[in-house]
Amino acid sequence: MSVIGVDAGGTLTKIVYEENGALHFKTFSSEQQVLQWLGILAQNHKLYITGGKAEKWRGIFPHAHIVGEFEAVCSGAKLLLKEEKTDLKQFTLINIGTGTSFFKVDENGCERLLGSGLGGGTFMGLGGLLTGESDYYELVRLSKEGKRELVDLSVRDVYEAMNSPVPDHLTAANFAKGDAFSKKADKLRALTNMIAETIILLASQASQAHKLEDFVFIGSTLKSNPALKEDLSQFQDMLSYTPIFPEKGAYAGSLGAFDVGRGSEHSQNRQ
Ligand code: ATP
Ligand code: MG
């Protein structure tokens with residue numbers, strides 16, 4: 001019986017399944033749609049579910065198997081890298097979902113290093129409060145057009161013509177120049193940058209102790225979001241890291257769950 005990998009996250013449900021020898025990827029933002037879709041397929045597929053809402057979904061699909069979220073995202077990320085022929089022995093994995101979690105991944109497995117409440121949910125929630133917009137694609141489109149230097153206070157703004165002890169393009173205070181006249185796009189870019197700056201600072205602190213220099217970013221917050229990718233890449237020289245964005249990074253967890261399912265179904269069939 002074929003397998004469906006489901007990542008039931010705090011905001012979105014991501015699904016990976018196989019059809020005619022190829023993998024297919026789907027994202028749902030409404031529970032009702034997932035229920036309809038899975039309700040039809042669950043009859044002749046085995047469900048392997050990961051993510052924060054996995055237990056809740058098992059209440060609806062009692063035969064579903066639960067896959068641990070850390071195991072799923074780490075093994076899914078490894079598969080995505082392999083698919084893209086990126087060969088890394090060890091790396092920091094940064095999952096920017098509703099919130100953000102950081103993992104050390106190497107040949108021995110996967111270790112969660114830390115987590116932050118700043119993530120895609122912050123972009124949606126605070127972005128909505130700042131602009132009145134609620135559509136993800138509209139928020140990322142505006143963010144790409146915005147100029148954060150009109151909202152953020154930079155070291156240059158503070159030191160003016162004087163020599164500053166740190167590079168003068170750095171942020172002195174996020175949002176400190178924002179006011180009632182700030183434009184939606186500029187506020188959203190400042191928000192994207194604040195999330196990115198904080199994630200990079202946390203990632204580099206956590207990675208230094210383990211001597212990890214490759215940062216692999218996954219999670220749906222990177223979907224169609226060039227501004228976030230650009231902002232996550234901006235400190236490469238200063239903090240010595242290489243950012244990597246697997247194309248299907250939103251599906252790391254669901255692919256990991258799918259792979260666990262495929263492996264265990266395969267071994268059961270051989271017994
Ligand atoms: P978590 O792992 O923290 O439980 P999750 O797995 O649901 O949450 P992701 O699906 O990786 O998280 O990312 C959710 C984020 O992706 C949203 O907060 C938003 O920033 C972004 N996003 C991308 N596409 C959409 C969409 N169609 N609708 C809403 N948010 C979207
Ligand atoms: Mg998730």
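K144 has a relative accessibility of 39% and therefore counts as partly exposed, where buried means under 20% relative accessible area, exposed over 50%, and partly exposed in between, for a 1.4 Å probe and protein chains only. This is a predicted model, in which local features need pLDDT of at least 70 and side-chain atom pairs count only at pLDDT 80 or more, while totals for chains, interfaces and linings use all residues. Residues are numbered from 1 along each chain as its sequence is written, and side-chain values use heavy atoms, with hydrogens and water left out.

The partner of K144 is E230, and the two form a salt bridge whose closest N and O atoms are 3.5 Å apart; a salt bridge is a side-chain nitrogen of Lys or Arg within 4 Å of a carboxyl oxygen of Asp or Glu. Because E230 lies in helix 8 (residues 226-233) and K144 in helix 5 (residues 136-145), the pair ties together parts that are 86 residues apart in sequence. Helices (H or I, at least four residues) and strands (E, at least two) are DSSP runs, numbered from the N terminus. E230 is partly exposed, at 43% relative accessibility. The pair also belongs to a network of salt bridges that links K144, R189, E230 and D231.

In total the structure holds 18 salt bridges. Another of them joins K46 to E265, with 3.1 Å between the closest N and O atoms, and since K46 is in strand 4 (residues 45-50) and E265 in helix 10 (residues 252-270), this pair ties together parts 219 residues apart in sequence. K46 is partly exposed, with a relative accessible area of 25%, whereas E265 is buried at 6%.

Helix 10 also holds R262 and D259, which are three residues apart and so separated by about one helical turn; their side chains meet in a salt bridge of 3.2 Å, N to O.

We turn now to helix 4. Its twelve residues (120-131) should span 16 Å at 1.5 Å a residue, which agrees with the 16 Å between its end C-alpha atoms; the expected span is 1.5 Å times one less than the number of residues. Which residues of helix 4 are buried? They are G120, T122, F123, G127 and T131, and because they cover an arc of only 140° around the axis, they lie on the same side of helix 4, the arc being that of the directions from the helix axis to the C-beta atoms. What covers these buried residues includes strand 6 (91-96), helix 5 and helix 7 (184-208). Just after helix 4, G132 takes a positive phi of about 80°.

Technical notes. Chains are lettered from A and ligands numbered from 1 in the order in which they are written. Contact means heavy atoms within 4.5 Å.
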